[in-house]
Amino acid sequence: MTLTWWKTRDPEEPLIPWWVAGVVIGLLLTFAVAIAAPIGMSSEFAYTGGRIVSLLVPQEANNPYWQGKLGIGWETMLVLGAFLGGALAAWLVRKPSLDIPSLWAERFGTDRRKRYLIAFFGGFVMLFGARLAGGCTSGHMISGVSQLALSSFVFAVTIFLTGVLTAKALYDRRRA
Amino acid sequence: MDIKTLLWGLLLGTAFGATLSLSGAASHRMIVNALRLKDLRLLKIILTALAVGTLGVTLLDTAGMAHLKIKPAYLLGVALGGALFGIGFALAGYCPGTCVVATAERKKDAFFVLLGGLLGATTFGLLYPILKPVLIDPFNFGEVRLPNLLGISPLTMALVLSASLLALAWLLPDRVGERTSAVSSPEATKAA
């Protein structure tokens with residue numbers, strides 16, 4: 001295992017070993033649960049949307065889904081922090097920017113509109129699913145399984161199944 | 001929530017985002033190759049995080065110091081939502097947290113995942129009053145934890161689970177099969 005600090009020019013390769021990342025994330029979760037609440041990322045997507053919709057259609061502020069949750073909360077800070085942390089890390093290690101992921105370009109070419117359209121569609125389906133299930137990779141999988149919640153084990157198994165099937169269908173099927 | 005806790009949240013989020021960035025967990029190639037079961041490093045990150053997290057959270061809980069938030073087990077909605085999530089995850093190549101981090105890293109496609117995600121989550125919120133009686137109320141078993149279901153103590157389960165996850169993370173290889181991710185230079189993919 002080699003540390004490639006400061007050297008990599010590939011924005012898609014790791015700079016720290018997997019076990020360091022795993023231990024740090026586990027400790028961060030433990031710290032979060034000690035001071036306030038578990039880590040979650042997807043609910044803030046809905047609350048941000050709720051803020052925008054409530055501005056346009058005031059009675060939507062009474063939607064039971066986000067009523068009383070449109071202020072700045074724990075998840076708001078986590079998401080803002082995640083953005084700051086990503087920007088800070090990328091700046092510190094001089095991570096180059098990226099227009100189209102390498103794997104996508106190899107398989108589907110370098111048409112930007114095509115990639116951005118699928119990215120948008122994928123994001124839509126993913127967050128709709130996350131809100132239906134009640135969490136995402138951080139909220140359900142990392143935080144939920146750590147709390148030994150039944151629903152989070154169900155979530156982890158289903159995303160693994162459909163995620164693997166979809167990725168295989170997209171990237172490992174021979175072109176006719 | 002008081003301002004001090006909120007600031008801790010910001011700091012914690014920053015450490016979380018930086019870790020996701022540095023570990024490559026916010027990399028499309030690493031995520032997709034993990035789902036193709038070719039590059040298992042992301043899986044190993046998750047397994048290790050779960051091992052440490054499960055033990056940490058359960059120890060806190062045993063000491064009466066944990067702020068738990070158990071997600072209710074409405075099995076139909078959770079399974080259907082998880083199935084949709086997996087499909088979107090493979091198409092997007094980022095998860096909700098990592099699309100935020102990758103956007104901050106100036107990965108342009110991740111910004112579109114973020115925008116689509118904003119619309120998807122908002123759409124769910126708007127449809128919630130209609131969907132709740134159909135997908136969330138039926139088969140809702142409430143805040144069920146596995147140790148209660150299995151009739152064992154949370155600490156016992158956490159110890160067994162953490163040890164197994166850690167062993168699995170250590171035993172799994174970093175990569176499976178041939179090196180499929182041709183390491184192409186970022187310049188080549190930027191040429192679009």
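This is a predicted model: local features need pLDDT of at least 70, side-chain atom pairs count only at pLDDT 80 or more; totals for chains, interfaces and linings use all residues.
**Stop 1: chain A.** Start by selecting chain A and colouring it by secondary structure. The C-alpha atoms of chain A fill a box of roughly 50 × 40 × 35 Å along the principal axes. Of its 176 residues, 55% count as buried.

**Stop 2: helix 1 of chain A.** Next, select residues 18–35 of chain A. This helix has 18 residues and reaches 26 Å from its first C-alpha to its last, close to the 26 Å expected at 1.5 Å a residue. Show its side chains and look for the buried ones, among them A:Trp18, A:Trp19, A:Ile25, A:Leu28, A:Leu29 and A:Val33. What do the buried residues of helix 1 of chain A pack against? Within chain A, the partner is helix 6 (137–146); from chain B come helix 1 (3–22), helix 3 (41–62) and helix 8 (154–171).

**Stop 3: helix 7 of chain A.** Now move to residues 150–171 of chain A. The 22 residues of this helix should span 32 Å at 1.5 Å a residue, and because the end C-alpha atoms are 32 Å apart, the two agree. Its buried residues include A:Leu150, A:Val154, A:Phe155, A:Thr158, A:Ile159 and A:Thr162. Their cover includes helix 5 (112–133) and helix 6 of chain A, along with helix 2 (28–35), helix 4 (75–92) and helix 7 (146–150) of chain B.

**Stop 4: the contact between the chains.** Show both chains together. The contact takes 123 residues from chain A and 121 residues from chain B. On the chain B side, helix 6 (residues 108–136) gives the most, with 20 residues. That side of chain B divides into 76 nonpolar, 32 polar and 13 charged residues.

**Stop 5: a pair of helices across the contact.** Finally, select helix 5 of chain A and helix 4 of chain B. At what angle do these two helices pack? The angle is about 160 degrees, and their axes are 7 Å apart. That angle makes helix 5 of chain A roughly antiparallel to helix 4 of chain B. The crossing of the two is left-handed. Colour the contact by class to see 17 nonpolar, seven polar and no charged residues.

Definitions and conventions:
Residues are numbered from 1 along each chain as its sequence is written. Chains are lettered from A and ligands numbered from 1 in the order in which they are written. Helices (H or I, at least four residues) and strands (E, at least two) are DSSP runs, numbered from the N terminus. The expected span of a helix is 1.5 Å times one less than its number of residues. A residue is buried if 20 or more other C-beta atoms lie within 10 Å of its own, exposed if 12 or fewer, and partly exposed in between; C-beta atoms are placed from the backbone. Two residues are in contact if their C-beta atoms, placed from the backbone, lie within 7 Å. Ala, Val, Leu, Ile, Met, Phe, Trp, Tyr, Cys and Pro count as nonpolar, Asp, Glu, Lys and Arg as charged, and the others, Gly among them, as polar. Axes are lines fitted to C-alpha atoms, for helices over the stretch in contact, and angles run from 0 to 180 degrees between N-to-C directions. Angles under 35 degrees count as roughly parallel, over 145 as roughly antiparallel, 65 to 115 as roughly perpendicular and the rest as oblique. A crossing is left-handed if the near helix is turned anticlockwise from the far one by less than a right angle, and right-handed if clockwise.
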